Amino acid sequence: MQHDLFSQTVDDAREPFQFSEAGFHLPAWLAADAPRLIDSVRQCVRVSPLRHFTTPGGKSMSVLSSNCGDYGWVADTRGYRYAQVDPVTEKPWPAMPNELRQRAISAARHCGFTDFRPDVCLINVYKPGAAMGLHQDKDESDFGQPIVSFSFGLPVTFFWGGLKRGGSPLKIPLQHGDVLVWGREDRLRYHGIKKLADGHHPLTGNVRINLTFRMS
Ligand SMILES: O=C(O)CCC(=O)C(=O)O
Ligand SMILES: [Mn+2]
């Protein structure tokens with residue numbers, strides 16, 4: 001019989017760090033594959049370019065965004081929603097690259113979420129000075145599905161708040177190749193991103209790339 005050691009990968013062997021009841025940090029989980037994964041994101045933003053979404057309040061978001069997958073998360077003065085067609089190109093979003101989808105599913109499984117079926121990958125690119133205020137991910141139809149978030153490039157601080165606004169959030173330092181997974185009782189936690197500091201990363205230059213996988 002084949003010994004378990006031969007079917008276990010380095011990734012499987014690393015225990016997630018549990019920062020909350022159902023919130024997990026997988027430090028550097030993607031670091032080895034990062035160049036290939038980032039290349040697949042580059043292909044996507046060639047088809048559906050990065051843009052600053054406008055919030056319903058009329059403000060331009062500081063982060064640059066796009067999507068890949070069957071749906072994309074969009075924001076405009078009419079609100080936040082998922083759309084099958086990119087409003088910029090008026091065409092479907094590029095397909096979610098299989099290796100990205102598989103890595104998101106296996107990260108979720110590694111944290112105990114065995115039935116993650118992402119149909120959206122929101123691509124966020126932060127330049128120095130860009131940030132994301134505390135918010136909930138609540139435009140999805142099934143809060144039983146977790147959120148899986150990949151970080152590449154420049155480091156940043158992730159804010160992990162409560163289920164209601166207020167209080168002082170936990171600060172989680174995120175590095176290149178890190179993954180966060182949260183769901184269940186933590187699915188609607190407020191979270192956000194501190195303003196990105198200037199810097200240089202050999203794979204991304206002066207930006208941080210975030211991929212947020214969700215089921216719409
Ligand atoms: O950039 C991040 O790590 C978080 C992004 C986020 O929370 C979102 O797009 O909803
Ligand atoms: Mn979010």
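Colleague: Let's begin with the lining of the largest pocket: how do its residues divide into nonpolar, polar and charged?

Modeller: Happy to, bearing in mind that this is a predicted model. The pocket holds about 640 Å³ of space, and 35 residues line it, with M61, W73, M132, G133 and H135 closest to its centre. Elements giving two or more residues to that lining are β6, β7, β11, β12 and β13. By class, the lining residues come to 15 nonpolar, 12 polar and eight charged.

Colleague: Nice. Which residues coordinate the manganese ion (ligand 2)?

Modeller: Their spacing in sequence reads H-x1-D-x53-H. H135 sits in strand β7 and H191 in strand β12, so this pair links parts 56 residues apart in sequence. The donor atoms are two NE2 and an OD, at 2.1 to 2.2 Å, and they belong to H135, D137 and H191.

Colleague: Is H191 buried or exposed?

Modeller: The cut-off for buried is under 20% relative accessible area. H191 has 4% relative accessibility, so this residue counts as buried.

Colleague: And the second largest pocket: which helix gives the largest share of its lining?

Modeller: That pocket has about 150 Å³ of space. Its lining includes I38, V41, R42 and V45, along with L50, V125, T204, V207 and I209, and by class it has seven nonpolar residues, one polar and one charged. The largest share is four residues, and they come from helix α2 (residues 34-47).

Notes. Residues are numbered from 1 along each chain as its sequence is written. Chains are lettered from A and ligands numbered from 1 in the order in which they are written. This is a predicted model: local features need pLDDT of at least 70, side-chain atom pairs count only at pLDDT 80 or more; totals for chains, interfaces and linings use all residues. Side-chain values use heavy atoms; hydrogens and water are left out. On a 1 Å grid over the protein atoms alone, a cavity is a set of points where a 1.4 Å probe fits but cannot get out, and a pocket is an open set with protein on both sides within 12 Å along at least five of seven lines; lining residues have an atom within 4 Å of a point. Grid points are joined across faces, edges and corners, and a volume is the space filled by probe spheres set on the points. Ala, Val, Leu, Ile, Met, Phe, Trp, Tyr, Cys and Pro count as nonpolar, Asp, Glu, Lys and Arg as charged, and the others, Gly among them, as polar. Donors are N, O and S atoms within 2.8 Å of the metal (3.2 Å for Na, K and Ca); water is not among the atoms, so sites may look incomplete. Buried means under 20% relative accessible area, exposed over 50%, partly exposed in between (1.4 Å probe, protein chains only).
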